[in-house]
Each structure stands twice: as C-alpha cells, then as structure tokens.
Amino acid sequence: MTYIITSPARELEMPSKINIKGRYKLTATRPDGSVRSETPWFENLILDVGLNNLSSVMLTTKCWVGTGSVAPAVTDTGLSAPLTSTTSTVNLDPYYGNSGAPNYYQWRRFGFRFNPGPAAGNLTEIGISSASNIFLSRSLIKDQLGQPTTFQVLPDETLDVVYELQVYKNLLDTTYTASISGNTHEFISRASSINYNHPSKLGHYLTFSDIYVDLTKAWSGNIGNITETPAGSSSNCQSMLVGAYANNSLQRSAQATWDLDYGNFVGGIKAFSVTSHDQGGWFDTQINVNPPIMKLNTQVLVVNFEVSWSRRP
C-alpha cells in the first residue's frame, strides 16, 4: 500500500502492498446426500484481467467448470474449454476467518452448486468470475500431489465448489520523512487490526470507501502494534474522492479531506487510519506522524492515499 500524505505543496509517499491468492475444492454428491468423490484443496492462478478489475468489480459471483487441459496463464480471460457455469450459491460455515500468526492472512470462502446434469462428465478445469464473465482466477483440477487430474461428475450427482480467497498484508513498517509547512515529519506506515476475524467484506471490490467516510480517521494518539488501532480520540474525514483506475497500474488512489472543524486536536494529529470500501478484509492501515501535524480550525487538511496489490507468488 502506498500513501501520499499531502499538506499544501507537500507530499509523502509510503510504499506497501497487499497480495492475494486463492484455492478450490470440489465435491460430487449422490442423490441420497452421500459424498462419492472429493478433491483436496488446490491452488489457482490469479489472472491479469482479474487484478485489473479488482478495484471496481465483484469477481466472485460465478463459478465455471470445463474440460480443457491447457495450463493456466496470467493472460487467460476464461477457461480453455468451458462446459457450464453457475451463480447458485451454498451457505458455508465458517465462511471467513484469519490464519493467525505468523502470516495473519484473512480468508473468505464462496460456495457454488451445480445441480445434476449440466456439469456431468470428466472435468479438468475450473474458474471464478464476475456476473459479466470477468475472470479472477483459473486452475486445472489437481490431485493430492498437485498434479492435473480428471474429476468425474455423474449425471445424477450434484457438484459443489468452494473457492477460498486469501489476502496477505504487509506486516513490516514503512518509514518516510517529508517537510510540511516548513517542518520535517517522520511517517510510519503499519498494518492495523491484523488479527481481525470478520473479513466477510472480501466479497466486495478492493477500493477506498467513498460511501463510509467514517472508515478514514485522524487520531490524537500514536499508532499501536499490528493487532491494534491508534490511541486517543479520532476525527473522521468529511469527504473521500476516489481516483480513476489506470489499466495495469494495480493501484488506486483517494483523496480524504478534513474540514475546518475536524482534526483540531490540542496536541495535533499524531496518526491516521484507513480501511477499504467496506469495513474489514482488504486493508487496514495506521500511519504515525512525528512531530504531530498542528491543524487549526482555520485550515483544511487534504490527505492522498494510494493502495496497491498483486498476486501472491
């Protein structure tokens, strides 16, 4: 994630990044409800087209199966030989979680159901996409050894698919210094609430909140550790202007504004916190400011934030 904190004619850049990956599991169920066949979890390939649409489209709406055997490539835009797709969902329990230490990755599961008939046959590939067929990922179906295999679904069987999306955040501090109004400040960017255990909003797209501006705050206290948020009192920004996405940039910017009567702490602004489009999941970050920014009720503060992302190797 990259942050640019702006005071008049001054800016600060702070690089960081989130990484995403995913995995699948397939189950074929007989009419009596018993499981006949099931795959292990196997990892997918996050596609370029998915990364380019991650900040504007919900990419976990439709599941596809097919019979192609061509190895996935990041340039793919779909399956090599699609058989059928479904938007029918299955309730999962649990459907979200946090791995805990040391990686603290958050995960969200999406369940899909293919009723008997359309998915019958010897399946070899699978993918997940938006409702308008923009693909997030593709994979060949794999066995216990991670090798491509065939998964048979009989004509009277139900096929259930679980897709698990994982989000990994930078756990290391990033520091930067900049001059604001003639004063040199040191900024420390750090993950926040990293053990948060309700990343259900990973089903939404990854971008800043232009709706819930209360998710971006200035604070009177310093930042905490990676499992905490800043200390002290907080002041929400009053507006959030989200910038346009440039293809292949894999980053999105936003401009937050604190009006005259907001963020005017006696001891100055010592920290900022920012999260994503909807609370929990994509990114939660806190930024320390030393010495504090002494905002007055005659001043408007504008802060530019930038988030970046990539597939996890």
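Y104 counts as buried at 18% relative accessibility, where buried means under 20% relative accessible area, exposed over 50%, and partly exposed in between (1.4 Å probe, protein chains only). Y104 also has a positive phi, near 55°, in a residue other than glycine. Its place is the loop between β10 and β11 (106–114); strands here are DSSP runs (E, at least two residues), numbered from the N terminus.

The model is predicted, so to speak from the start: local features need pLDDT of at least 70, side-chain atom pairs count only at pLDDT 80 or more, and totals for chains, interfaces and linings use all residues. Residues are numbered from 1 along each chain as its sequence is written, and side-chain values use heavy atoms, with hydrogens and water left out.

- D93 and P94 are joined by a cis peptide bond with omega of about 5°, and P94 sits in the loop between β9 (89–90) and β10 (96–98).
- Going from N290 to P291, the peptide bond is cis too, with omega near -5°; P291 belongs to strand β24 (residues 284–293).

**The five-stranded sheet**
- Five strands make up an open sheet with antiparallel pairing, in the order β6-β14-β13-β7-β8; two strands pair if DSSP finds at least two bridges between them.
- β6 (45–46) and β8 (82–86) are the edge strands, each with a single partner strand, so one side of each has no neighbour in the sheet.
- β7 (residues 62–66) runs antiparallel to β13 (residues 125–129), with five bridges joining them, and W64 stands opposite G127 in β13.
- On to β8: β7 pairs with β8 in the antiparallel sense over four bridges, and G66 has P82 as its bridge partner in β8.
- β7 is mostly covered, with five of its five residues buried: K62, W64 and G66 are on one side, C63 and V65 on the other.

**The β3–β4 hairpin**
- β3 (residues 18–29) pairs with β4 (residues 35–38) over three bridges, in the antiparallel sense, and A28 stands opposite S37 in β4.
- Five residues lie between β3 and β4 in this hairpin, and G33 in the turn has a positive phi of about 95°.

**A buried glutamate**
- E164, in strand β16 (residues 158–168), counts as buried at 1% relative accessibility.
- Its side chain makes a polar contact with the side chain of R109 at 2.6 Å; a polar contact is a pair of N or O atoms within 3.5 Å, and within protein one must be able to donate a hydrogen and the other to accept it, with residues adjacent in sequence counting only if both atoms are side-chain atoms.
- The side chains of E164 and Q166 are joined by a polar contact of 2.7 Å.
- Leaving aside neighbours within four places in sequence, E164 is in contact (heavy atoms within 4.5 Å) with K21, G22, R23, W41, W107, R108 and R109.
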